[in-house]
Amino acid sequence: MTLKGAFLAASALVSVTATALSAEVLTIATVNNGDMVRMQKLTDDFTAKTGHEVNWVTLEENTLRTRVTTDITTKGGAFDIMTIGMYETPIWGANGWLVPLDDLSADYDADDILPAMRQGLSHDGTLYAAPFYGESSMIMYRTDLMQEAGLEMPKAPTWEFIREAAAAMTDREKDINGICLRGKAGWGEGGAFITVTANSFGARWFDENWTPQFDQPEWEEALTFFVDMMNNYGPPGYATNGFNENLSLFQQGKCGMWIDATVAASFVTNPDDSTVADKVGFALAPNKEGVEKRANWLWAWALAIPAGTQKEEAAKQFIEWATSKEYIELVAANEGWANVPPGARQSLYDNPEYQKVPFAQMTLDSILAADPNDPTVDPVPYVGVQFVAIPEFAGIATDVSQEFSAVYAGQQTVAEALEKAQALTLDAMEAAGY
Amino acid sequence: MARAVTTQRKAINTAFAWGVGLLIFFPILWTILTSFKTEAQAISDPPVFLFFDWTLENYAAVQERSNYARFLWNSIIIAVGSTILGTIIAVPAAWSMAFVPSKRTKDILLWMLSTKMLPAVGVLYPIYLLFIRLGWLDTQIGLVLVLMLINLPIIVWMLYTYFREIPGEILEAARMDGASLKDEIIYVLTPMAVPGIASTILLNIILAWNEAFWTLNLTAANAAPLTAFIASYSSPEGLFYAKLSAASVMAIAPILIMGWFSQKQLVRGLTFGAVK
Amino acid sequence: MATQHSRSAARLMMAPAVFLLLVWMLVPLSMTLWFSFRKYLPLRGGDLGWAGFDNYVRFVTSSSFWPSVMTTLIIVGGVLVVTVMFGVLLAILLDQPMWGQGVVRILVIAPFFVMPTVSALVWKNMFMDPTNGLFAHLWRFFGAEPISWLSEASLPSLVMIVSWQWLPFATLILLTAIQSLDSEQLEAAEMDGASPLSRFFYIILPHLSRAITIVVLIQTIFLLSIFAEIFVTTSGAFGTKTLTYLIFQRVLESQNVGLGSAGGVYAIILANIVALFLMRIVGKNLDA
């Protein structure tokens, strides 16, 4: 036995006894999307390394959000780790409800986290949640249909081009919709999409004095454009379509174009699930001709530790494991590079293996195109691209997106919806003391 | 004496009733069938009904993701536990209301029912804080108590109506024979009340099994029942009809089977005193 | 017959149930009342002090309030009408002589065992989805344009889903009542040449009135608080926001517990108005 071998064996022995002493059971609340489900399957690797066991609480996004919010605001302590997003993290961090993640180990290499993600998950420069994956939005389109239509997708198209292409690709006989977009009510669903669309038309949620801006012409233009395009070239009943519904439609070959989260790229190009896997192209999210902002959002699902947990050390170990470079390699080894959690680390995009993945560069470009600190053409007092990072936003935006969905369903006009949105936002902001 | 029914009339009845029955049952049947299809077959156009390659892969996929047995066990404990506890508390109350009625009996009953009208979500924060204080969060005992309280009014009312059907003379006769209150309950009342109690228990197990607000919001990993299990399947990514169906079947199968085996009991007993 | 002794024994036996329910009602109720007068914003640090009647005024003047009351009444009323009507017809049908009565009964009561979340998910995705739903397939088969049920016909769709769940309950109770009907009375009426319709209206329906009362009362209590069906299918969009759902939005989405609690108080008031109304109309049948 070499000296090195003996040393390794001894240190392994030490680490085994050390972990055996402090083995904990962590309760982790998470969202039921593909990457998180994959992480659950790989938990054994974490348990083998640290001795800690994990209990998963997997919930659908909206249920998860209400569940963890109730627990954190009441300091319930039901969870040791919570999966939260860019909207919650700065607000909770500011309230002192999360354990700061500023002392992660050197191996973890926190500086490798993409700056956009890091900023979005920090408050006052302190990281409060570690990104498991990050996303922006981009255009996914059918290369074959585009060719048939005699068009070529530019790398950075405008909304005008998108509408033209949608018109050309729509084929009602063959059940092909030119474009599929989110219309479902909910601030994280259709609400997010219409907000970035509005950004790319030069609109904004609030002016510098926190006055709602739905009475401005930019909003009317954006909403009218969206409704008009979707009514003509969108799928039937798009008012109830969210991310999952559109993904399913696209995978079945029923959409010419789909503008949505960059993480969808790995699902639509996966031949196991997608009938159009080898016919998908990617492009930057569009803007209105002449408007400098594009319809890119920025989001990350991240892991955070509620302050006051008894198992802080073990929880940090888990977070380091789940958001590490090694984890990415573990997934790559098991499921291939196309399925690793994207958008969190620079090193992933420097990896030549990953650069071969067709959507890698476009994902990074999209993420870099979004700036939460300067999301709109006109200045705004808030942070966040497709959301406004204030506690009242989720409630307001859900109400507003319900008014918009009613427009999509043909139950009211654009003008009526905007008027109601303006009134209810004013009312809610007044109640919050702005 | 019932008239002889012509075969023809009976055949028409049968055909019609079966048609309606199958129509009502169809959503469940369709879910069961879909759970054995592949995801592609689940959305095929035109839909395939019976002739597809039956597969168990969806069940395997669901089981791989969630520990079904633990959710099931919690559901059983919570539903059965809350019902039994509720029945133990309700039997004496219902007994005294039925046999020693006062002017206020009706008021008390209606008041009990009215406690069910408080919208649950309005009191989520108070109850959540209370549970933290008591250390009941994510425990079976906490949920057993909450569901017991939620269903107690229904249990009391159902039992009350059954007990009222029991003729008072029998009790008086027993008393004449020198039976004590205890004997009266054990030897006279109980045997007559068993069918009513049984169907009360059945109905309340169903109600507790299907309660989805408190069971979801007061649990995390340890005490989460099947309502939480299904909450992780409501919008997975991509094609999911087959997996959703498999998860649905797993969530409802135990209670469905229990219901079917005891349907005679349930049909006989579900009157709430409506029969007069 | 009741002696002083048995009366006090009776009180004693009633005590646990009454006490527990009293606590279960009073603790949350008083907490709701308390919070409804506070500015309670969990995400802004919790209880921020006295709010007077602000929450009450704000809740009731919100543009969502009256529509949500209407929606609540429409859903409750719609489901009641559908379940009672079809429940009576089904009960009569199931009471007829036939082969395999037990099996048919099993088929009919099955939806009652399905948890609301599952039923909403199944209806929404596998039946009402405008692209892959079974209804869409059916519509296309007949050459019609598929309907997006949950946006274009949101309220009827919801009433249908909820009615499907509650129809078995109504049927069961009504069936038990019909089975207790004196068949000789019916036969006598038939001998006298009464038409099936008049037999239904003059004998069967009056006999069922008490059972219908029970169905209406119990279902109303449960229907006023339906939540999962709306949460899963429309999330409150397309005019399906009931009062319960509005309170959910205020408490959990807007994170305004004070405002939501004021809404809770309104919901209790509405429930009691409905209950009073019910008692007036049908309470005579209920000599509980």
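A word first on confidence: pLDDT is the predictor's confidence in each residue, on a scale from 0 to 100. That matters here, as what you're looking at is a predicted model. By that score chain C averages 87, with 95% of the residues at 70 or above. The model as a whole scores ipTM 0.88 and pTM 0.89.

**Confidence in chain B**
- Chain B has a mean pLDDT of 85, and 93% of its residues get to 70 or more.
- Within chain B, the element with the highest mean pLDDT is α1(B), at 93, while helix α13 (residues 263-269) has the lowest, at 73.

- Where the two domains meet, domain 1 of chain A puts in 12 residues and domain 2 of chain A puts in 13.
- On the domain 1 side of that contact, α4 (61-73), α5 (88-94) and β6 (130-135) of chain A each give at least two residues.
- Sorted by class, the domain 1 side that touches domain 2 in chain A has 6 nonpolar, 4 polar and 2 charged residues.

- Chain B has 13 helices and 0 strands.
- For its 276 residues, a compact globule would have a radius of gyration near 19 Å, but chain B comes out at 23 Å.
- The C-alpha atoms of chain B fill a box of roughly 75 × 70 × 30 Å along the principal axes.

**Two bent helices in chain B**
- Helix α4 (residues 68-99) of chain B is 32 residues long and reaches 45 Å from first C-alpha to last, close to the expected 46 Å.
- There is still a kink of about 35 degrees in α4(B), at Ala90(B), shortly before the proline Pro92(B).
- Helix α9 (residues 181-210) of chain B spans only 37 Å between its end C-alpha atoms, whereas a straight helix of 30 residues would span 44 Å.
- Look for a bend of about 60 degrees at Thr190(B) in α9(B), with the proline Pro191(B) following within four residues.

**Where chain C meets its neighbours**
- Between chains B and C, 83 residues of chain B are in contact with 83 residues of chain C.
- On the chain B side of that contact, helix α1 (residues 7-34) gives the most, with 16 residues.
- The side of chain B that touches chain C is made up of 60 nonpolar, 17 polar and 6 charged residues.
- Chain C also meets chain A, with 23 residues of chain C in contact with 29 residues of chain A.
- Both α7 (149-152) and α12 (243-253) of chain C supply at least two residues each to the side that touches chain A.
- That side of chain C has 8 nonpolar, 11 polar and 4 charged residues.

Methods: Residues are numbered from 1 along each chain as its sequence is written. Chains are lettered from A and ligands numbered from 1 in the order in which they are written. This is a predicted model: local features need pLDDT of at least 70, side-chain atom pairs count only at pLDDT 80 or more; totals for chains, interfaces and linings use all residues. Two residues are in contact if their C-beta atoms, placed from the backbone, lie within 7 Å. Ala, Val, Leu, Ile, Met, Phe, Trp, Tyr, Cys and Pro count as nonpolar, Asp, Glu, Lys and Arg as charged, and the others, Gly among them, as polar. The expected span of a helix is 1.5 Å times one less than its number of residues. The bend at a residue is the angle between axes fitted to the seven residues ending there and the seven starting there. The radius of gyration is taken over C-alpha atoms; the globule rule is 2.2 Å times the number of residues to the power 0.38.
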